[in-house]
Amino acid sequence: MLTIKISDRDRITPIQSLVTNVLSLLAALGAVGLIFLVCGVNPFFAISKIFMGSFGSMYGFKETVTKAIPLVLIGGGLTLAFRAKFWNIGAEGQLLMGAILGGWVGLAWGDTLPSVVIVPLMFAAGFLGGALCGLVPAFLKIKFAINEVISTLMINYICAEFLTLLIVGPWKGKTRFGFPGTDNLPDNAILGVISGSRIHYATLVLALISVVILTIVVYRSRFGYEVRVIGENPEAGRYAGINFFKTSMLIMLISGGLAGFAGVGEVAGIHHYLGYPASISSGYGFTAIIVAWLAKLNPFYAIVSGLFFAGILVGGDAIQMSLGLPAATVQIVNGTLLVFLIMGDFFMKNKVTIQRRASVES
Amino acid sequence: MDDVMISVLQRTMVAGTPLLLGTVGEVICERSGILNLGVEGVMSLGAVVAFIVTYTTGNPWFGLMAAIGAGMVISLIHAFASVTLQANQVVSGLALTMIGLGLSGMLGKPYVGRPLAEKMNDVAIPWLCDIPVVGAVFFRQTPFFYMAVLLALVAWFFLERTRLGIKVRSTGEHPRAAETQGVNVTLIRYACVMIGGGFSAMAGAHLSTSYSKSWIEGMTAGRGWIVIALTIFALWNPGKAIGGAFLFGGIFVLQYLLQPLGISPNFLAMLPYGATLLILIIIGLGDQRKLSAPAQLGEPYKRGER
């Protein structure tokens, strides 16, 4: 008789880890295909369309890189927070607050200050905005034991309503003819793009530098070590004298701030004005959660996983148009991928072997 | 008491109903030790399934039953990941929310903007509905309201007063001890996650077949997340959930009450979310030991490990 035996796996080689991840992704695509089939869409056509749309042409690839910028920034920051088991689900709100403050600085002083001054100022303001939204839940968690999943999410909704309040009210632009939205940013406050694309390179460079610094911080600094201890063994951390308040605040300062950067990039690089929350961020804050998870909480790998999920977003847009599928399709794909990644984790932590039962279990 | 006040109270009950349903489900789930952050997604799926089935069959009760079924089935994803695979429950719950929101958007797309011909009609309870004020507020309500309150009381009785309820609680407090007493931890947890999903889907059905009689994407508007906060607010007690849910129902209604005063509707829309934070802070200021969260909430249980 055959039985399934599950035992702990002591260690896992990088190759095994990679193979497991790739197999999980393939299995997930299989499941997504099944969902497409049920919904009456040819799965092979849809899935190939997703990847042709994002990686199959120069235009698609440029769009993929454009959308990867916020995902890498936010996903990189989330790897830090998730390492400490600080479940920051509020990147969406942090991004919006970054967009609000960065956009405000650009609108207010973009006419008077030159680009080299205004752009760094906008990013600084955006970082501050995102960081503020991140610090509140960290403060609430340590001081009042408030679950950060709930607090970060509530702040998401509050930020979205706040932005809407601004663009339909006090910040409504004169050039919008009564429609919600601010005026366009002055030229000095608009980020340059690589010609023939929408890739705002200042943010791209910022994203790459950020994840490299984060990688060094995570693996080579005392702070990075403390973050890991808090996440893996908080009891030990307390005995070792780690200051939970300081460390958590710093984690969320960085994680929120990077999301704020992403918000500035979207406003100053893509839209050029503040509009409705749903148009500024197409769910980057949530997609970045999977980006961080697929990166196995390694900030550097967030570059690869960010690019991958950006590809799914772009490809998702492509099949929406050609197959008439709703925008929510991408969420199904993302959710399914996440489930299969979790399943993959199980096989990395446990050794599953099928064997002939030799004797009755004692 | 004037008619306006009665109408406000009645709408408070209506607005609190989906919150109560969701909270009772999450309480049952969390008492067994499983944190389910998928409520928002399951609620959304419940809303769309209830709408589609009601739209096609013309019978909202079929819609409700289909929604509950769909909610229980989709929750299996979370049960499998968190119980069988011992995965991180936060991540798996988020995945469930994404899938639920995605599926509901996909399934519901052709139905956006179509009004429902047959909705869940209000039911007046004979005799009781004739009591002044009380009758109008509590006894001329949607069936969902009666079901929510009744189920909350049943859930309280079940968890606190029955043998099976003790098994559920012990599974959340100390699964190893429970197992040595012959409790099937895996089975209990699977069942509780599925029951929780059924409740969430029911809450969604209320939104689309009784509260608004239509379907649009994002109509759950964060109620699933407020439910998670309410579960803490209710101290994992379905009885206390009744008070919490209708308190929040009142905050939802307050939005519409204050609008004529010229306050920005977007500012008012922040109220429920701000209130959630405020209430959690108030709980946090109190005695933490009174916060009797199930001891093993969110912790995967591995059989045979010492």
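Good morning. The crossing of α14(A) and α4(B) is left-handed. Please keep in mind throughout that this is a predicted model.

Let me begin with that pair of helices, one from each chain. Two packed helices are described by the angle between their axes and the distance between the axes.

Which residues make the contact? On the side of α14(A) they are Thr329(A), Gln331(A), Ile332(A), Asn334(A), Gly335(A), Thr336(A), Leu338(A), Val339(A) and Ile342(A). On the side of α4(B) they are Val91(B), Ser92(B), Ala95(B), Met98(B), Ile99(B), Leu101(B), Gly102(B), Leu103(B) and Met106(B). By residue class, this contact holds 11 nonpolar and seven polar residues, with no charged residue.

Some of these names return when we turn to the second largest cavity, which has about 30 Å³ of space. Its lining consists of Val32(A), Ile35(A), Phe36(A), Thr329(A), Ile332(A), Val333(A) and, from chain B, Met106(B). In chain A, α1 (14–38) and α14 each supply at least two of the lining residues. The lining is made up of six nonpolar residues and one polar residue, with none charged.

I now stay with α4(B) and consider its partner within chain B. Helix α3 of chain B, residues 60–84, packs with α4(B) at about 160 degrees, the axes being 9 Å apart. This angle makes α3(B) roughly antiparallel to α4(B). Is the crossing left-handed or right-handed? For α3(B) and α4(B) it is right-handed. From α3(B), the residues Ile74(B), Ser75(B), Ile77(B), His78(B), Ala81(B) and Ser82(B) meet Gln89(B), Ser92(B), Gly93(B), Leu96(B), Ile99(B) and Leu103(B) of α4(B). This contact divides into six nonpolar and six polar residues, and no charged ones.

Ser75(B), from that contact, also belongs to the lining of the largest cavity. How many cavities of 30 Å³ or more are counted? There are two, and the largest has about 40 Å³ of space. Besides Ser75(B), the largest cavity is lined by Gly22(B), Gly25(B), Glu26(B), Asn36(B), Gly38(B), Val39(B), Val42(B), Gly196(B), Gly197(B) and Ser200(B). Two or more lining residues come from each of α1 (3–31), α2 (39–57) and α9 (185–211) of chain B. In this lining, two residues are nonpolar, eight are polar and one is charged.

Finally, I come to another helix pair of chain B. Helix α11, residues 238–258, and helix α13, residues 271–285, have axes that come within 9 Å and cross at roughly 140 degrees. That angle makes α11(B) oblique to α13(B). The crossing of these two helices, α11(B) and α13(B), is right-handed. In α11(B), the contact residues are Leu247(B), Phe248(B), Ile251(B), Phe252(B), Leu254(B), Gln255(B) and Leu258(B); in α13(B), they are Leu271(B), Pro272(B), Ala275(B), Thr276(B) and Ile279(B). Ten is the number of nonpolar residues here, beside two polar and no charged.

Thank you for your attention.

Key. Residues are numbered from 1 along each chain as its sequence is written. Chains are lettered from A and ligands numbered from 1 in the order in which they are written. This is a predicted model: local features need pLDDT of at least 70, side-chain atom pairs count only at pLDDT 80 or more; totals for chains, interfaces and linings use all residues. Side-chain values use heavy atoms; hydrogens and water are left out. A crossing is left-handed if the near helix is turned anticlockwise from the far one by less than a right angle, and right-handed if clockwise. Helices (H or I, at least four residues) and strands (E, at least two) are DSSP runs, numbered from the N terminus. Contact means heavy atoms within 4.5 Å. Ala, Val, Leu, Ile, Met, Phe, Trp, Tyr, Cys and Pro count as nonpolar, Asp, Glu, Lys and Arg as charged, and the others, Gly among them, as polar. On a 1 Å grid over the protein atoms alone, a cavity is a set of points where a 1.4 Å probe fits but cannot get out, and a pocket is an open set with protein on both sides within 12 Å along at least five of seven lines; lining residues have an atom within 4 Å of a point. Grid points are joined across faces, edges and corners, and a volume is the space filled by probe spheres set on the points. Axes are lines fitted to C-alpha atoms, for helices over the stretch in contact, and angles run from 0 to 180 degrees between N-to-C directions. Angles under 35 degrees count as roughly parallel, over 145 as roughly antiparallel, 65 to 115 as roughly perpendicular and the rest as oblique.
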